[in-house]
Amino acid sequence: MKRIAIIGGGISGLSAAFALEKHRLSGASLEYVLFESTARLGGVLVTEHVDGCLVEAGPDSFLTEKPWASDLCREVDLGDQLIGSNDADRKTYILVKGKLVVIPDGLMFMVPTKITPTVLSPLFSTRAKMRMAREWFHPPRKADADETVASFVERHYGPEMVDRLADPLLSGVYGGEASQLSVRAVLPRFAEMEAKHGSLGRAMLAARKKMAHASEGPARPLFTSLKDGMQQLVGAIISRLHATALHADSPVQCIQRQDTGWVVSAGYASDQFDAVIVATPAQAAAELLGMASGGLASELRGIQYTSSVTVNLGYDGKVRTSLPPGFGFLVPRSEGKRLLAATFVHNKFPHRAPEDRALLRCFIGGVRNEQVLQAPDEEVVRIVRDELQQIIGLTVDPLFIRVYRWKGAMAQYGVGHLERLQRIESLLQQLPGLALAGNGYRGIGVPDCVRSGSEAANKALLALGLTEARSKVAS
């Protein structure tokens with residue numbers, strides 16, 4: 001009987017446990033134990049029901065084009081619970097000089113693909129529009145080294161595109177800055193497009209035409225969620241795992257190599273395992289693995305994280321009718337606000353709020369505002385409400401407020417991140433039976449975490465001779 005430990009009970013760790021449970025049920029001679037330091041499993045996937053509204057504390061959805069989360073939902077019999085975003089109503093605004101300006105049609109993650117809407121849009125200055133026109137004639141260019149997203153985007157479209165689109169878009173996803181994040185790690189397709197086509201606009205048009213020819217039926221929604229919230233996935237996975245294998249409130253202090261296996265120390269007890277999957281943030285993994293490999297711990301500490309605060313506010317039907325149509329707005333740093341973004345949840349997804357309710361999700365924090373994590377709830381709410389009043393004129397008292405804090409939750413893929421992952425992979429080769437999972441490596445979204453956990457489980461099984469190699473496994 002082979003024994004595998006999983007450290008961390010977020011969606012990455014649960015995905016790893018689910019993959020191992022499938023092998024156990026198929027006859028593999030193994031047992032697994034999952035250790036979670038807090039009282040609940042699921043990490044940032046937390047859903048509350050408040051005043052008829054469905055309130056998400058963490059991620060409210062995932063990108064449909066990344067299949068791993070949807071596939072897992074179907075595996076745990078949640079296929080009929082998957083819902084898509086209301087893309088017919090999708091409209092996103094950027095705050096420019098104190099006013100909300102809609103992102104023009106045809107702009108595919110900051111890349112213009114339709115001429116007329118872009119030319120007519122007040123979002124960009126005449127100078128920026130001229131840069132966009134010249135971008136169509138960029139020759140192919142294969143970069144010799146990694147660079148920041150800001151440097152990459154500025155080379156193509158100029159600094160205004162960085163300020164008004166690249167930076168706020170990445171702040172919403174990573175809580176980071178375009179001037180710090182790696183283009184190869186964060187936007188690998190853009191780097192590939194530049195190498196092949198030169199112009200991102202021409203490359204995106206070619207990709208869109210290819211997708212149009214290949215796709216059949218109606219277009220898929222941009223975002224996918226679950227009818228009863230993201231925590232529904234956590235519950236479905238847990239219900240399929242061996243209850244005695246799940247150890248909440250069990251912080252692990254140390255992981256050490258011993259002979260051909262591993263010793264996991266949790267509390268006053270130590271236990272032996274044949275393999276270990278560490279599915280914690282990279283910084284926590286570094287602390288756990290310091291005695292096993294100082295070199296690996298050092299590389300893991302180099303992966304930085306930022307924190308965020310999510311504020312959900314519920315309002316009545318009058319506020320709902322007064323709000324702008326669409327999914328919400330983003331705030332460039334140049335606007336001098338602390339608010340990074342706000343989502344009009346009642347518009348983005350069905351089943352989130354009754355017709356007589358408005359539900360807003362606001363985000364603050366990130367790399368430039370870590371100190372807000374220490375502020376009391378009253379101060380956080382004051383900041384959010386003051387800025388909502390300035391931006392959309394919202395002065396009505398909310399019916400309810402929920403504040404959620406996520407310390408060190410968003411990994412920052414800095415320049416050289418992929419090279420760091422190569423070094424980590426080389427160090428892992430010297431530590432058979434050890435696998436890493438989580439959002440610190442090759443993607444921070446829910447689908448990436450699901451894939452990361454599943455691949456880590458497969459790597460552990462492979463090291464123990466319990467499965468055959470399927471494909472190259474990314475740590």
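Axes are lines fitted to C-alpha atoms, for helices over the stretch in contact, and angles between N-to-C directions run from 0 to 180 degrees. The model examined here is a predicted one.

**Exercise 1. Describe how helix 2 and helix 17 pack against each other, and list the residues that make the contact.**

Step 1. The axes of helix 2, which spans residues 68-75, and helix 17, which spans residues 446-463, come within 7 Å and cross at roughly 70°.

Step 2. Angles of 65 to 115 degrees count as roughly perpendicular, and helix 2 and helix 17 are therefore roughly perpendicular to each other.

Step 3. Helix 2 contributes Trp 68, Ala 69 and Leu 72 to the contact, while helix 17 contributes Val 446, Pro 447, Asp 448, Val 450 and Arg 451. Sorted by class, the residues of this contact of helix 2 with helix 17 are six nonpolar, no polar and two charged.

**Exercise 2. Carry out the analysis for helix 4 and helix 5, and state how the residues of their contact divide by class.**

Step 1. Helix 4 (residues 126-135) and helix 5 (residues 149-157) have axes that come within 7 Å and cross at roughly 90°, and these two helices are therefore roughly perpendicular to each other.

Step 2. On the side of helix 4 the residues are Arg 131, Met 132 and Glu 135, and they meet Glu 154, Arg 155, His 156 and Tyr 157 in helix 5. The contact of helix 4 with helix 5 divides into two nonpolar, one polar and four charged residues.

**Exercise 3. Are helix 12 and helix 16 roughly parallel or roughly antiparallel, and is their crossing left-handed or right-handed?**

Step 1. The axes of helix 12 (residues 294-301) and helix 16 (residues 417-429) come within 10 Å, with a crossing angle of roughly 155°.

Step 2. Angles over 145 degrees count as roughly antiparallel, and helix 12 and helix 16 are therefore roughly antiparallel to each other. The crossing of helix 12 and helix 16 is left-handed.

Step 3. Gly 295, Leu 296, Ser 298, Glu 299 and Leu 300 of helix 12 make the contact with Arg 420, Arg 423, Ile 424, Leu 427 and Leu 428 of helix 16. By class, five residues of the contact of helix 12 with helix 16 are nonpolar, two are polar and three are charged.

**Exercise 4. Work out the strand order of the seven-stranded open sheet, and find the helix that packs on this sheet.**

Step 1. The order of the seven strands is 8-7-18-19-20-17-21, and their pairing is mixed.

Step 2. Strand 8 (99-102) and strand 21 (400-412) stand at the edges with a single partner strand each, so one side of each is left without a neighbour in the sheet. From one strand to the next, the twist averages 25°.

Step 3. Within this order, strand 17 (residues 304-316) pairs with strand 20 (residues 357-365) in the antiparallel sense over nine bridges, and the bridge partner of Gly 314 is Leu 359 in strand 20.

Step 4. Helix 6 (residues 159-174) packs on the sheet, where it touches strand 7 (92-96), strand 17, strand 18 (328-330), strand 19 (339-344) and strand 21, and the direction of helix 6 makes about 100° with that of strand 21.

Technical notes. Residues numbered from 1 in each chain as written. Predicted model: local features only at pLDDT ≥ 70, side-chain atom pairs only at ≥ 80, totals over all residues. Heavy atoms only, no water. Helix = DSSP H or I, 4+ residues; strand = E, 2+ residues; numbered from the N terminus. Parallel < 35°, antiparallel > 145°, perpendicular 65-115°, else oblique. Left-handed = near helix turned anticlockwise from the far one by under 90°. Contact = heavy atoms within 4.5 Å. Nonpolar A, V, L, I, M, F, W, Y, C, P; charged D, E, K, R; others polar. Pairing = 2+ DSSP bridges.
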